[in-house]
Amino acid sequence: MRSKSELMSLLEDSNLSTTLREIAKKTLEGERISEEEGLHLFNHAEIGYLGILANYIREKKHGNHTYFNRNFHMEPTNVCLYTCSFCSYSRLIKKREEGWEYTLEEMLEMVKKYDGEPVTEVHIVGGVLPQYDLKFYADLFAAIKKHRPELHIKALTPVEYHYIFKKAKVDYAEGMRQMKEAGLDSMPGGGAEIFHPEIRDEIAGGKCSGEEWLQIHEEWHKLGMRSNATMLYGHIEKMKHRVHHLESLRQLQDKTGGFQTFIPLKFRNKGNQMSHIPESMVIEDLRNYAISRIYLDNFDHIKAYWPMIGREVAQMSMAFGVDDIDGTIDDTTKIYTMAGSEEQNPAMSTRELVNLIKMVDRKPIERDTLYNVVTDYSEHVFEEDTVYKGYVSLPVVNKDN
Ligand code: V47
Ligand code: SF4
């Protein structure tokens, strides 16, 4: 890791503008940057500069570690009564028979398929439909816990919670309390999209507002529980909306400290009402990871969701502030393959994921949902791999070349 003074003098020697020099100094000193400075980074900072600063923070927080976990996804339904224009699910409400709507028993059968597998987490998320109400989810969580008590349930977003609590006539605090009692362990970061109403009303009108999203997370945090946060970027939002989104998260985190991870989600444009909007370029994705890392000084982790961005961008992201590349997922969420993710086969074995991380000289650490270390793979060599000249021989890249 390059020292702070080394980086300071590197920046002194460069021909950076005064503002970028100030931001760099603040970041290296561990000081928080302002909203104006965040906006300045989005509008003016080049990728090399951002990479240096984001990587400095990343290595200060986590050294060379890159985390992943073993999880599986379940989606009760891919039909949804909302009509978010970026979502490939929303159109299915018109052709409901083309989708799926699983029963509680069917969902439990899916969980049972993982009996004996070393997964630590189930991630449950899907569309919103009336039969998936508070009782359905409370019964589902309780049934999963009864079957496999140690499996961490990371489930649903404020979009579902807002809907089911309203239907059950309970307030957010009471609703979240009931979910915790039923067996919910943590909340994933979905449904955040862009909080600012100028954009949210356009792309996700009708579902919970940005403020309601934040309130539900706040109630969950008040119970001593943890959650994640996301931002869906690269569509019709402007940079000022991204900054507003990051600032809203930073403020809530100051209040509760309940967020673990921030996950930027790149908008994918296949099979939805926004297909005419071009997707962001990889360079913009890397800049966005880096600025998120710099801005969210009170978040421990920045995660790249590799099934969405692909294996190679996930590798690059580890030099732009990312310290987590999600799970080894067998049955990944269909929302991404339907929206045009590069990864048509988004399952990755532990061996593949570990070697992917090692290829960019990071240390792969399997974690559980709450970032307790499950296995440190940094010295581990899989039976199928050979070690030569200090490197593991890897399936994709020959390091000799
Ligand atoms: O809220 C929907 C997004 C989210 C598209 O917390 C799309 O560990 C891009 O939040 N292009 C759900 N994104 C997924 C999610 C998530 C994923 C992985 C890990 C975690 C975690 C959370 O997917 C939705 C929405 O923002 N989404 N459609 C699309 N076309
Ligand atoms: Fe429904 Fe969520 Fe898709 Fe919106 S993003 S249409 S709420 S599944």
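**Helix packing and buried residues in a predicted model**

The crossing of helix 10 and helix 11 is right-handed. Helix 10 covers residues 210-222 and helix 11 covers residues 239-256. Their axes lie 11 Å apart and meet at an angle of about 20 degrees. Because angles under 35 degrees count as roughly parallel, helix 10 and helix 11 are roughly parallel to each other. On the side of helix 10, the contact is built from W213, L214, H217, E218 and H221. Helix 11 contributes S248, L249, L252, K255 and T256. Sorted by class, the residues in this contact of helix 10 with helix 11 comprise 4 nonpolar, 4 polar and 2 charged.

The protein chain holds 16 helices and 12 strands. It has 401 residues, of which 59% count as buried. Among contacts between residues at least 6 apart in sequence, 74% join residues at least 24 apart.

Helix 2 (residues 18-28) packs with helix 4 (residues 47-62) at an angle of about 15 degrees, and the two axes are 10 Å apart. That angle makes helix 2 roughly parallel to helix 4. Here the crossing is left-handed. The residues of helix 2 that make the contact are L20, I23, A24, T27 and L28. From helix 4 come Y49, L53, Y56 and I57. By class, the contact of helix 2 with helix 4 has 8 nonpolar residues, 1 polar residue and no charged ones.

L28 belongs to helix 2, and its relative accessible area is 0%, so L28 is buried. Leaving out residues up to four places away in sequence, L28 touches K4, L7, M8, L11, L53 and Y56. Among these partners, L53 and Y56 are also residues through which helix 4 meets helix 2. A further reference point is A54, which is 26 residues from L28 in sequence, with a C-alpha to C-alpha separation of 9.7 Å.

The strands have buried residues too. V122 sits in strand 2, which spans residues 121-124. With a relative accessible area of 0%, V122 is buried. Apart from neighbours within four places in sequence, V122 is in contact with F72, M74, L151, H152, I153 and K154.

C80 counts as buried because its relative accessibility is 12%, under the 20% limit. C84 is likewise buried, with a relative accessible area of 7%. As for disulfides, the count comes to 0.

Note on methods
Residues numbered from 1 in each chain as written. Chains lettered and ligands numbered in written order. Predicted model: local features only at pLDDT ≥ 70, side-chain atom pairs only at ≥ 80, totals over all residues. Heavy atoms only, no water. Axes fitted to C-alpha atoms, helices over the stretch in contact; angles between N-to-C directions. Helix = DSSP H or I, 4+ residues; strand = E, 2+ residues; numbered from the N terminus. Parallel < 35°, antiparallel > 145°, perpendicular 65-115°, else oblique. Left-handed = near helix turned anticlockwise from the far one by under 90°. Contact = heavy atoms within 4.5 Å. Nonpolar A, V, L, I, M, F, W, Y, C, P; charged D, E, K, R; others polar. Disulfide = S-S within 2.5 Å. Buried < 20%, exposed > 50% of the residue type's maximum accessible area, 1.4 Å probe, protein only.
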